[in-house]
Amino acid sequence: MEKNISEKDLTRILGAQLEPSEIIDAKLSETYEILRNAKGKQKSKRRRGLQKVLVGIGSVAAVFVLMTAFCVMNPVLASEIPILGNIFTKLSDLFPFGQIPVEDTVVLYHTDEKNQTLKEGEQNQSKQDSYTKKSGDITVTLTEQYASNQAIYIGVHVENAKEFPNMVQMLDGTQSLRVHLKEQYSFRTDTVEMWRDIDGKFENKHTFDGILRIDYSEINVDDRKYQQALKEASGTDNEEVWITDENWSQYLSEYEIPEMFTMKLDILNIVGDLAEPMPMEGMKSAKEQENMTDEEWEAYMKSLPQDFYDYPNKYQNWWQEGSWSFDLTIEQKDSQSRVVEVNETNEAGIGLKSIEISSVELTLNTIEKADTVAVALDANGNKIENGSSNMYELAIADHDISKVYVYICDYEEYIDKIKAYGIEGNHFDKSFQEILEERALFKTVVDTTK
């Protein structure tokens, strides 16, 4: 990707923001109800203020925690422990990227119906045991792995000797656990430490199955100089350090990810979002918050208990600290992985550099400015939605991607006037593709079969 650093670029590199959208705005609004047992207003000033608070927590993880907390899970769960293994297949209907190729999946741990360990070829019991670790009441098992040219996927089975509390559930039925990880990769000398989501579902009150996705864009960037600059600027008048075209090389560089590498995965903390958050002293009702002025809202936020701003915290979360450590060998085996070079731009220098494709996802590598946004449609004119928090990592399940239509639009015009055409059930006289054809600043059709 061209080193034209915008808000979207920082999204891909540092995970600092979610894609702005009407849907996300609405979910943020609903999130206030979970956090303070009431809905907050949608005024932009408040939304920006909340985002600033979340950044202050120390991790964009808090943003995702808020984004998932907007509806309550069904407390009725299955009573039997499921068979370990085949998590990729079991969760294919819930996982945003759909079915992960079975032929390219590496089985790490599996049991049969009698809960007896199966041997995969020369795989023996001791090797399987290296993929299941216990700390306190929690046992974590890695069941399978898959790697493409874009990301690593790992099946994760979590068992709790005690019962999990009721956790939030998304409208599409998905649930998640968040893990604090330390990751060491053979292609880099430093340690990656961050919070990640494991997306899946609670099978019952003792068991969670999910898929951990690690995108290469999150582990190939060497941002140590940037982090040091942030640390040095903390508490000063120049607290915010911005990355631009001019200072890119000053703060960031990239590691080359090989087709095969090793990784050490250390889980330090496992966190879930409570379906029924603990009440707080001074909590305002939804109606009271709805009637607040901006000044009253800011005063209310300041009145909340200090530990409310911690992550995790007792009001919103269940968590278990511990030590679950795994050693993995990762090999990119997806036979469908490829990069389609495009290298087209318009007179303003806006365009598409390439498209990365695997069996489960498609990544747009665009050449953009800070005030533009890209959209991709499949061969039938249907929008290809993002499968992760990165708006350009697209889930291609059920899409014909023999041809991909790519449009780059003015950001404000897209949000205010174009995006609504892509919402199912709208009553406009033009299709989403027709309005994109008319208003896009850049457009191209990519034949991915060549």
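Author: Gladly! Keep in mind that this is a predicted model. Let's begin with one idea: a charge sits over a ring if NZ of Lys or CZ of Arg is within 6 Å of the ring centre and within 35 degrees of the ring normal. Here, lysine 133 has its charged end over the ring of phenylalanine 326, 5.2 Å from the ring's centre.

Reader: Which residues does valine 140 contact, leaving aside its neighbours within four places in sequence?

Author: Lys133 and Phe326 are both among them, and the list also includes Tyr131, Val156, Ile270 and Trp324.

Reader: And how do I read a core?

Author: In soluble globular proteins, nonpolar side chains tend to be buried together. The largest nonpolar core in this model has 38 residues, and Val140, Leu142, Ile152, Tyr185 and Ile270 touch the most other members. Among the elements giving two or more residues to this core are β3 (138–147), β4 (151–160) and β11 (317–331). Another core, of 35 residues, lies apart from it and includes Val342 and Ala440.

Reader: How many aromatic pairs are found in the whole structure?

Author: The search finds 16. Planes under 30 degrees apart count as stacked, over 60 as edge-to-face and the rest as tilted. Phenylalanine 95 and phenylalanine 97 have ring planes at 50°, so their pair is tilted, with centres 5.9 Å apart. Ring pairs also link Phe95 and Phe97 with Tyr146 and Tyr153 in a cluster.

Reader: Are phenylalanine 164 and tryptophan 318 buried or exposed?

Author: Both are buried. They form an edge-to-face pair, with 75° between the planes, and link distant parts of the chain, 154 residues apart.

Technical notes
Residues numbered from 1 in each chain as written. Predicted model: local features only at pLDDT ≥ 70, side-chain atom pairs only at ≥ 80, totals over all residues. Heavy atoms only, no water. Core = buried A, V, L, I, M, F, W, Y, C linked by side-chain atoms within 4.5 Å. Buried < 20%, exposed > 50% of the residue type's maximum accessible area, 1.4 Å probe, protein only. Helix = DSSP H or I, 4+ residues; strand = E, 2+ residues; numbered from the N terminus. Contact = heavy atoms within 4.5 Å. Phe/Tyr/Trp six-rings, centres within 6.5 Å; stacked < 30°, edge-to-face > 60°.
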